[in-house]
Amino acid sequence: MLKVIGAGFGRTGTHSLSKALEMLGFGPCYHVQEIGKNPGHYERWQDAIDGKAMDWDALYGSYVSAVEWPTVTFLPQLLTRYPQAKIILTWRDAETWYASARATIFDSLELSAFNPDEGKRMRSGLLRRLILEQTFAGKYGDKAYAIHIYEEHVQRVVQMVPPERLLQFHVADGWEPLCHFLGISMPEEPFPRVNDRNDWVESKPAWAKHLSSTVAGS
């Protein structure tokens with residue numbers, strides 16, 4: 001049963017938060033990469049997007065926490081199903097969020113439609129549908145519009161979640177506000193910093209880097 005739910009969009013420090021939660025004993029943490037690790041989850045999330053009834057307990061199984069997409073899209077339903085869960089809204093300056101999202105998530109999902117691996121191409125279709133089409137209405141390349149959606153989401157979460165259940169968290173603030181909110185002691189290990197923009201770009205497969213350079217040079 002979920003005890004902690006991350007309500008922030010991707011590229012607001014969600015992967016660092018997932019690592020931090022696991023270090024604090026709130027793991028395993030469900031994030032976007034977990035979809036491919038769990039047979040049948042691709043189909044279950046497609047059903048969720050289609051508005052079909054969901055057994056959230058069966059979907060999350062042994063996961064204790066969850067962050068970013070696809071979880072964040074279904075926050076209203078999850079707040080109802082897990083009324084005791086604590087909500088962590090990761091955030092960052094909207095301009096820097098967009099620059100990061102444009103160079104990573106949006107770019108990668110655009111390229112994923114051309115993945116030579118048919119299975120991966122089909123699975124990435126779930127995220128293209130959920131993020132590019134549903135969340136940003138296909139207008140993710142419009143900076144002003146994308147930032148509007150981002151800021152609107154932040155405001156909606158603040159309005160939707162009772163204050164005593166919500167932490168607005170910037171990962172640069174490290175352990176102290178997070179541990180205080182969760183009611184546990186701070187670990188001695190440094191706060192994790194993972195999945196930054198440069199790491200993401202460098203981790204692109206060769207076919208994606210080639211396609212990116214081809215498009216940029218055209």
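Student: Quick one to start: where does Pro 70 lie?

Tutor: Pro 70 lies in the loop between E3 and helix H4 (75-81). Helices (H or I, at least four residues) and strands (E, at least two) are DSSP runs, numbered from the N terminus. This is a predicted model, in which local features need pLDDT of at least 70 and side-chain atom pairs count only at pLDDT 80 or more, while totals for chains, interfaces and linings use all residues. Residues are numbered from 1 along each chain as its sequence is written, and side-chain values use heavy atoms, with hydrogens and water left out.

Student: Good to know. Is Pro 70 buried or exposed?

Tutor: Pro 70 is buried, at a relative accessible area of 2%. Buried means under 20% relative accessible area, exposed means over 50%, and partly exposed is in between (1.4 Å probe, protein chains only).

Student: What is Pro 70 in contact with, leaving aside neighbours within four places in sequence?

Tutor: Val 32, Ile 35, Trp 45 and Leu 130. Contact here means heavy atoms within 4.5 Å. There is also His 31, which is 39 residues apart from Pro 70 along the chain, with 7.7 Å between the C-alpha atoms.

Student: Switching to the sheet: what order do the strands have?

Tutor: The order is E2-E3-E1-E4-E5, an open sheet of 5 strands with parallel pairing. E2 and E5 are the edge strands, each pairing on one side only. Two strands pair if DSSP finds at least two bridges between them.

Student: How many bridges join E2 to E3?

Tutor: There are 2 bridges, and the two strands run parallel. For Tyr 30, the bridge partner in E3 is Ala 66.

Student: And which strands does H8 touch?

Tutor: H8 packs on the sheet and touches E1, E4 and E5, with its direction making about 175° with that of E5. Axes are lines fitted to C-alpha atoms, for helices over the stretch in contact, and angles run from 0 to 180 degrees between N-to-C directions. As for H1, this helix lies across E1, E2, E3, E4 and E5, running at about 145° to E4.

Student: Why is H1 largely enclosed by the rest of the structure?

Tutor: Because 7 of the 10 residues of H1 (residues 14-23) are buried. Among them are His 15, Leu 17 and Leu 21. The cover over the buried residues includes strand E4 (86-90), strand E5 (166-169) and helix H8 (175-182).

Student: What about Met 23, buried or partly exposed?

Tutor: Met 23, found in helix H1, is partly exposed, with a relative accessible area of 38%. Beyond four places in sequence, Met 23 is in contact with Trp 175, Glu 189, Pro 190 and Pro 192.

Student: Now Thr 12. What does its side chain reach at 2.6 Å?

Tutor: The backbone oxygen of Phe 9. The Thr 12 side chain also makes a polar contact with the side chain of Thr 90, at 2.7 Å. A polar contact is a pair of N or O atoms within 3.5 Å; within protein, one must be able to donate a hydrogen and the other to accept it, and residues adjacent in sequence count only if both atoms are side-chain atoms. Thr 12 sits in the loop between E1 and H1 and counts as buried at 3% relative accessibility.

Student: Last topic: at what angle do H5 and H7 cross?

Tutor: Roughly 115°, and the axes of H5 (residues 94-112) and H7 (residues 143-160) come within 10 Å.
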